[in-house]
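Here is a short briefing on one protein structure. Look at the model first, then read on.

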Amino acid sequence: MSIDAIDSRGRVPQDIVAIFHASFHPTKGNLVDWCLKASDDLELDGVEFSTLPSGLHLVDQDVVYFTKDTHSGVCVFRRRRTAEHGHRGFRLTSLGVLLAKSTRSRPWRHVSALRALADSIYRSLETRGVLEPSESDWEPARVFFEERKVRRVDLSGAGEWYGWSHELDNPDPEFSRFNPTMHLSHLLRILGPSALTLYKHVLGRQRILIYTLPPVEAACILCQVAADICYAAQLDPLTNGINENDPATQYYTRLKGKTQEGIHVLGMVTLSDLDKMDREGKTGRGWVACTTDAIFLDKPSYYDLLIDLTTSTPSKTSRPTLYLSKPQPQPPGSKGPTHRLTVFRFAWSDIRLWNELERILQLDGDQCAQPCCRPSFETDARSKPSFSWTDPWRIYEDVCIVCAGLWMGSWRGNSVASYSTGNGSLANWGSVRLEGDDDLTVDGTFVRNLGMGIEGCPGGSQNSKGMRRSSGMTWPGNTSGDRRQPSSSSAATRSMPQLCSNGNDTDPETNERRDRQILTTLALLQTFHANTSFQLSRLVDLLPSVTSGTPETSIIYITPKDMVSFELGPLSSLDARYLEWLADEYGAGSQIVVKRGWKDLFGMIFGFG
């Protein structure tokens, strides 16, 4: 039974395995003081720390995403005023749920109802002047649990994956309204070009930690958004419903990843999760997590990339700071730190992809209602230069982009590309473009249109409401044109036709804004997917174990010139490690070693060898 069939009858997702209430006691600490479970075998030990992380006492309310073993969870936090002795004026409580393991858990679908449930329970206690809830006070929570608890092994389709078009443009407005992926444009605007460093670590299945201050909901959402950038590419091809006989996607079925699941989203972690972080890191799947514990800044051995959101606040103009965790040699018998943090922004090779991503963001920037999504300037990109000189880091980024362009000999107009402007429009506000064609259809690799399955949507899956359509999107079954013609995801955001409404919103402006946000998100996902498709197709040509179809343990030495064929920087140590990560995941035993000696670099620059 599909999700559409369930939601069209007004039923809620039935994927909850536990509901619980956690609170802070002045003498006992964090504890779970009430719970209901679908099975007595389910353990809730430790959720009281994830749901009440450090610093949350500074805010009145929040939403926290977390994991417990193989279960995803979410809770709503409330700081309730009290005059009780020892509580320092407040009671700190969280009401949360755990979801059954599935292909794609969606805890955000329960947030709205969970907020209403928590407010009703606490309001009832406050009205009656009761401090400690009795068993009868939990009756609304019992009704909530009985309505949404697991009843079938397949979760009645609540945990299935049907592709990004179904995920973001669902007939049920509640299905997509709170979807974290809709905040992809927020993430890119916050991180800037450094978002591509995050992208490489996600695709390379590394350990990523986001450090933030309360409230933590935004950081938890960014964890999910970061994982979604490469979600469709990291899934098992059978899960994506990809046709093995389609030459356009042969690299998918030929590249068998060691872990055919998306990178693990741990959500909120605390010091009590150190063992879990270490254990998850050894699986090779990679993870994304967030924390409010500053002590993690002194424990770089537990992660590979740290994103410090505290350096970017409304009162500052700087970006969040990214740190790479690098091992450092230790003298024999030394007990010093084994890793150190190094500030890193982005590689010059990221500029081509970032130019396209920012161009898509610019096209939809004037329609964004969120302050964090608005561009740092209010001028018209078609008539004025779009450089902002009020942000020191933005100046540094602009200088780096210009230098990278000049180093590659690259002041030129736009090329007609599979994911670029395609017409040299001034809407690109003078972005630097590197030498060579931007088209990702290299060596015959074909990037299909949105709705044709490239984003993980099975060919037969269609929304009953109708797919969002534009010149960059076609139906999966469309045969009226040549399916092998490269598409322009930019066209999806450039034309922006009138789209079908979900039937529940009455404000045309709200509907239009939401439609534009959906198209922008799909276009951004398409752009990331096109880049991933191109680089994985190049990887197929280099790995003999993939070409032969049999596992083969070997070491493959590649030159800086080979790195350029991936559109990566030959001088970038991060790009070199990125290739090694991809080979480790998809190489079937093969290992890539990038030769970066002076002889190799000299030969690349001057064309020798």
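Strand E1 (residues 16-25) pairs with E2 in the antiparallel sense, over eight bridges. Two strands count as paired if DSSP finds at least two bridges between them. Strands (E, at least two residues) and helices (H or I, at least four) are DSSP runs, numbered from the N terminus. The model is predicted: local features need pLDDT of at least 70, side-chain atom pairs count only at pLDDT 80 or more, and totals for chains, interfaces and linings use all residues. Residues are numbered from 1 along each chain as its sequence is written, and side-chain values use heavy atoms, with hydrogens and water left out.

**The sheet**
- Ile19 stands opposite Leu36 in E2.
- Five strands make an open sheet, in the order E2-E1-E5-E4-E3, with antiparallel pairing.
- Strand E2 (29-37) and strand E3 (61-68) are at the edges with a single partner strand each, so one side of each has no neighbour in the sheet.
- From one strand to the next, the twist averages 25°.
- Strands of a sheet pair through backbone hydrogen bonds.

**The helix across it**
- Helix H4 (residues 139-148) lies across E1, E2 and strand E5 (90-99).
- H4 runs at about 150° to E1.
- Axes are lines fitted to C-alpha atoms, for helices over the stretch in contact (heavy atoms within 4.5 Å). Angles run from 0 to 180 degrees between N-to-C directions.

**The whole chain**
- The protein chain has 21 helices and 13 strands.
- Of its 609 residues, 56% are buried. Buried means under 20% relative accessible area, with a 1.4 Å probe and protein chains only.

Notes: Buried < 20%, exposed > 50% of the residue type's maximum accessible area, 1.4 Å probe, protein only.
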